[in-house]
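Please look over the notes below with the structure open beside them.

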Amino acid sequence: MPEPIPIKDHEKETRLVNKRLMACALFVVAITCALVVRLYVLQVVEYEYHSTISENNRVHVLPIAPTRGLIYDRNGVLLADNRPSFNLTITRERASDVKEELDDVVNLLHLPAEDRTQFDKAMKQARHPFVPVTLFYELNEEQIAVLAVNEFRLPGIDVEPQFVRHYPMGVHFAHSIGYVGRINEKESKALDTVEYRGTQSIGKTGIEKFYEPELHGHVGYEEVETNAQGRVLRVLKHTDPVPGKNIVLSLDVKLQEAAEEALGDRRGSVVALDPSTGEVLAMVSKPSFDPNMFVTGISFKEYAALHDSIDRPLFNRVLRGLYAPGSTIKPEVAIAGLDAGVVTPQTRVFDPGYYQLPDFDHKYRNWNHSGDGWVDMDAAIMRSNDTYFYDLAHKLGIDRLHDYMAMFGLGEKVSLDMFEESPGLMPSQAWKRATRRQPWFPGETVILGIGQGYMQVTPLQLAQATALIANKGIWNRPHLAKTVDGVAPVDEHPMPNILLKDPRDWEQVNHGMQMVMHDARGIARAAAAGAQYRIAGKSGTAQVVAIKQGERYNRAKTLERNRDNALFVGFAPAEHPKIVISVMIENGEAGGRVAGPVVRQIMDAWLLDQDGHLKPQYAVPSKALGDHAHV
């Protein structure tokens with residue numbers, strides 16, 4: 001009988017189990033040691049690092065936008081303030097279906113399709129979790145009520161109050177104060193990302209842009225504790241923002257209104273200066289626009305209507321308009337001639353109604369085609385005699401004429417705080433060679449003597465050049481800000497004063513400008529009729545389109561927008577000037593007849609009291625009367 005075969009080897013199995021248990025025990029011990037070591041590294045060696053990371057995940061810094069500084073006129077009238085506005089916002093993390101809710105909002109508020117497109121653009125902007133996105137500004141009461149009734153259907157949609165810029169005067173100061181608008185993508189790349197966190201608007205034009213750093217202020221912060229989803233649990237620390245600085249402008253609301261009334265509905269500009277300080281007292285550019293339209297975003301349709309208008313309401317004519325100055329620069333040309341020694345006050349020129357260069361047949365016409373006969377400097381300024389100034393410009397030559405006009409700021413930026421200003425153009429031989437690749441011709445010098453040809457200036461430059469005559473060569477840059485946070489602006493790059501060889505030349509030209517207004521043959525005597533003060537002025541009529549040799553200007557055959565521009569500059573009281581005014585009326589045709597009365601009306605508004613009497617502070621000092629008697 002065979003031996004039985006054993007089924008199990010208990011001893012062998014026992015040894016195998018013991019080996020496995022030992023291996024498991026060693027593995028557990030190794031894992032435990034590794035965990036202990038890792039915990040030691042995390043809790044002891046890298047404690048500071050991980051503590052900081054943990055705190056950053058828990059604590060967030062939220063910006064608090066500062067309140068924008070206010071803007072006042074010289075008498076404390078508020079020109080730019082901040083008013084509460086109710087805006088529509090959405091918080092993506094709280095919304096159930098963002099797309100559906102945005103569609104519901106558009107339908108409930110009856111918004112145009114373009115607003116729905118803007119909503120999508122706003123939602124694509126980068127942001128932190130639980131930070132609301134502003135979709136729509138300036139909700140009215142009806143819209144707020146509709147959203148309140150449907151609140152249960154729109155989780156994540158809120159109506160939030162916010163301060164936005166407001167311009168109480170609307171169109172009246174649009175070109176001087178400017179406006180703020182929503183920060184665009186290009187601007188956001190150039191801005192200080194820290195200071196402008198939480199800020200949605202920035203100065204776009206005018207004073208709002210030039211003094212943006214001062215008006216904006218400094219951002220504040222809140223340190224808040226959040227949960228894992230980013231929801232704020234509590235505020236840990238609060239730092240108040242620093243509001244923007246208030247600015248007091250040199251502009252005067254009443255004078256601004258008077259200037260606008262005097263200009264009427266005509267296209268043009270007015271700028272009034274205090275020659276002793278350079279303060280801008282009034283700045284008008286017509287037509288104008290309402291800057292409030294731009295604050296929270298203007299629609300495509302509204303912007304197109306402004307931008308495409310033939311009257312160009314967005315165009316600042318005072319600072320950017322480039323015009324031939326016409327005869328308004330004859331006083332500066334006279335100063336140049338006297339100081340250069342090419343003429344004296346007694347130098348006479350015979351005017352047959354035209355001027356001819358030696359050995360040339362071309363006739364340069366005087367506006368008075370019958371001529372004024374023999375004229376000296378007083379008569380030439382008084383009658384605005386073109387022939388005299390043709391001859392004077394020819395005697396000076398283009399190089400000296402250019403240099404003297406540059407001393408008066410013509411062809412240069414002259415303002416202190418108006419970034420939009422155009423430099424204009426005072427041509428020279430070098431300029432023509434560089435831009436036209438042509439030599440300079442004598443005839444081009446001749447017509448520059450009466451402010452025609454290549455020359456282009458802004459109304460502000462004309463006002464400043466006139467202020468230099470009124471101020472006897474003392475430079476004070478025109479500026480709009482009287483004080484910024486109580487401190488007057490400082491000109492860090494002052495222009496050199498004009499020092500004449502004989503200072504009496506200032507009085508000579510001043511006297512000629514007074515004759516324009518007060519002599520029986522003065523070209524603008526009608527504008528000074530009945531004035532209680534002496535006015536020094538100069539009219540100008542500048543061609544918009546050229547007239548062929550031998551032809552005369554025919555108003556009936558000239559399109560309205562091709563007719564001559566009317567200009568006028570003046571200051572008063574002539575013996576001790578307190579106000580300088582430059583007026584330009586597009587296609588106004590006659591400077592003395594059309595623009596002159598505008599200047600007079602503005603001067604009356606500034607110098608006379610409510611009863612129509614000269615204000616005591618503007619009365620002529622006895623010394624000035626004595627000096628005037630000897631001119």
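1. Isoleucine 90, at the end of strand 3 (residues 78–90), stands opposite isoleucine 157 in strand 5, and in this predicted model the two strands, strand 3 and strand 5 (residues 157–166), run antiparallel and are joined by ten bridges.

2. Strand 3 also pairs with strand 4 (residues 133–136), again in an antiparallel arrangement, and here three bridges join the two. Within this pairing, leucine 88 stands opposite phenylalanine 136 in strand 4.

3. A further antiparallel pairing links strand 3 to strand 2 (residues 71–72), with two bridges between them, and isoleucine 71 has alanine 80 in strand 3 as its bridge partner. Strand 2 and strand 3 form a hairpin in which five residues lie between the strands, and glycine 76, which belongs to the turn, has a positive phi of about 90°.

4. Is threonine 296 buried or exposed? Its relative accessible area is 16%, and because buried means under 20%, threonine 296 counts as buried.

5. Which residues does threonine 296 touch, if those up to four places away in sequence are not counted? The contacts of threonine 296 are with Tyr137, Glu138, Val164 and Arg182, and one of these, Val164, falls within the range of strand 5 (residues 157–166), the strand that ten bridges join to strand 3.

Methods
Residues numbered from 1 in each chain as written. Predicted model: local features only at pLDDT ≥ 70, side-chain atom pairs only at ≥ 80, totals over all residues. Heavy atoms only, no water. Pairing = 2+ DSSP bridges. Helix = DSSP H or I, 4+ residues; strand = E, 2+ residues; numbered from the N terminus. Buried < 20%, exposed > 50% of the residue type's maximum accessible area, 1.4 Å probe, protein only. Contact = heavy atoms within 4.5 Å.
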